[in-house]
Amino acid sequence: GAGVVALTDDGGTAAATTAGAQSVVITDPESATAVTAAAAKAAPSVVTVYVTSGSGSGSGSGVVLSEDGYVLTNNHVVGLDSSTDGATVQVRTSDGALYDATVVGTDPTSDLAVLRLSDASGLTPATFADSDSVQVGDLAVAIGAPLGLSDTVTDGIISATNRAVATGSAQDDATVIDALQTDAAINPGNSGGALVDAAGEVVGINTAIASVASGIPGQESQSGSIGVGFAIPSNTAQRIAEEIVQTGSATHAVLGVRAQTAASDTNGEVGTGAQIVQVQDGGAAASAGLQAGDVVTAVGDRAVTTSTELTAAVRSAAPGDEVTLTVRRDGRASTVDVTLGSSDS
């Protein structure tokens, strides 16, 4: 059978194993591949993050933002017990240097966090690409520290874009991500690492993997890579990182509604849109004339079949952006222009 698929954080808090630094070096240019070149360019900008707190310890990955030590990683990497209070953070760069680090700010909504390395200088910042230009079939190279193995490189393709995924251990703490999907192997510890293109430029921050339930009572679902991994698009990651560096927190676009998946009468598992259950007074949706009972079926030219897809589409925009919604009301479809609001995370 097909099995049951569940989305989980890629396990950035898995126990670290001991592994020394290992630089990615081109030793034979004549036989080098596109993956070789991409890895050689991007690897110096990828770090391993070690976190220890009273509840345990773990490791993940990160991407260098600046020469003086700002590093981007996942919120779940630094939040071992859902809090960064009292956590000790250290970062090892690709040349083997180990730095103490502090948490500048976290953004659970996008599962991102920014660290600052102490007394760091001369680091190699990553080059970020325009994730809106990424196409299905593009080369994708994941770089990080799966299972604590620093500077690990895996490759594949971009297998989907604008993939709405919800990660987290329960619905109440779910993080909805408008993700790039890849079949490059991503395993526990890759969290916060780079997904780069053929030019070695970052197109995404690796954050989650799909897992297949074992189907056996009392046993956990499969935790390794099954070729379905997800990364936060670089455009979103850059915007959030810049806000955290500047203010310590981040903002997000909001529609100002509570919605649920609208389902067909014949099959409740097949979504037909995001049905608005409640409209926030004074919010973006209310200002645009949306009402409870309306069903959103598209954001711009992007189809919406579930409430998760609506959330992901809105969060991929920035506060103040204007979007065009296709709305079904009383059996009739129409378009509504909405200027998205802003919510502090």
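## Exercises on charged side chains and backbone angles

Aspartate 111 is found in the loop between S6 and S7. The model is predicted, and the exercises below work through some of its residues.

### Exercise 1

Task: Describe the backbone angle and the burial of aspartate 111.

Step 1. Most residues other than glycine have a negative phi.

Step 2. Read the angle. Aspartate 111 is not a glycine, yet its phi is positive, about 60 degrees.

Step 3. The cut-off for buried is under 20% relative accessible area. Aspartate 111 has 3%, so it is buried.

### Exercise 2

Task: Do the steps of Exercise 1 for asparagine 162, and say where it lies.

Step 1. Asparagine 162 is in strand S9, residues 152–167.

Step 2. Read the angle. Asparagine 162 has a positive phi, near 50 degrees, and is not a glycine.

Step 3. Asparagine 162 has a relative accessible area of 45%, so it is partly exposed.

### Exercise 3

Step 1. Aspartate 107 lies in strand S6, which covers residues 98–107.

Step 2. Look for a charged partner. The nearest side chain of opposite charge is that of arginine 239, 6.9 Å away.

Step 3. Apply the cut-off. A salt bridge needs a side-chain nitrogen within 4 Å of a carboxyl oxygen. Aspartate 107 is buried and has no salt bridge.

### Exercise 4

Step 1. Recall the idea. Side chains of opposite charge can pair when their charged atoms come close.

Step 2. Count. The model has four salt bridges. Three of them are treated here, including the one between arginine 116 and aspartate 68.

Step 3. Take arginine 116. Its salt bridge is with aspartate 68, and the closest N and O atoms are 3.5 Å apart. Arginine 116 is in strand S7 (residues 112–117), while aspartate 68 is in the loop between strand S3 (56–64) and strand S4 (70–73). The pair links distant parts of the chain, 48 residues apart. Arginine 116 is partly exposed at 28%, and aspartate 68 is partly exposed at 34%.

Step 4. Take arginine 239. It forms a salt bridge with glutamate 243, at 3.1 Å from N to O. Both are in helix H3 (residues 234–247), four residues apart, so about one helical turn separates them. Arginine 239 is buried at 19%. Glutamate 243 is buried at 19% too.

Step 5. Take arginine 329. Its salt bridge with aspartate 294 has its closest N and O atoms 2.7 Å apart. Arginine 329 is in strand S19 (residues 322–329), and aspartate 294 is in the loop between helix H4 (284–287) and strand S17 (295–299). This pair also links distant parts of the chain, 35 residues apart. Arginine 329 is partly exposed at 31%, whereas aspartate 294 is buried at 1%.

### Exercise 5

Task: Where is pLDDT under 50, and what is the chain average?

Step 1. Take the average. The chain averages a pLDDT of 87, and 82% of the residues score at least 70.

Step 2. Find low stretches. Residues 1–7 stay under 50. Residues 13–19 are also below 50.

Step 3. Draw the lesson. Where pLDDT is low, the predicted coordinates should not be read in detail.

Terms used
Residues are numbered from 1 along each chain as its sequence is written. This is a predicted model: local features need pLDDT of at least 70, side-chain atom pairs count only at pLDDT 80 or more; totals for chains, interfaces and linings use all residues. Side-chain values use heavy atoms; hydrogens and water are left out. Helices (H or I, at least four residues) and strands (E, at least two) are DSSP runs, numbered from the N terminus. Buried means under 20% relative accessible area, exposed over 50%, partly exposed in between (1.4 Å probe, protein chains only). Lys and Arg count as positive and Asp and Glu as negative; His and the chain ends are not counted. pLDDT is the predictor's confidence in each residue, from 0 to 100. Contact means heavy atoms within 4.5 Å.
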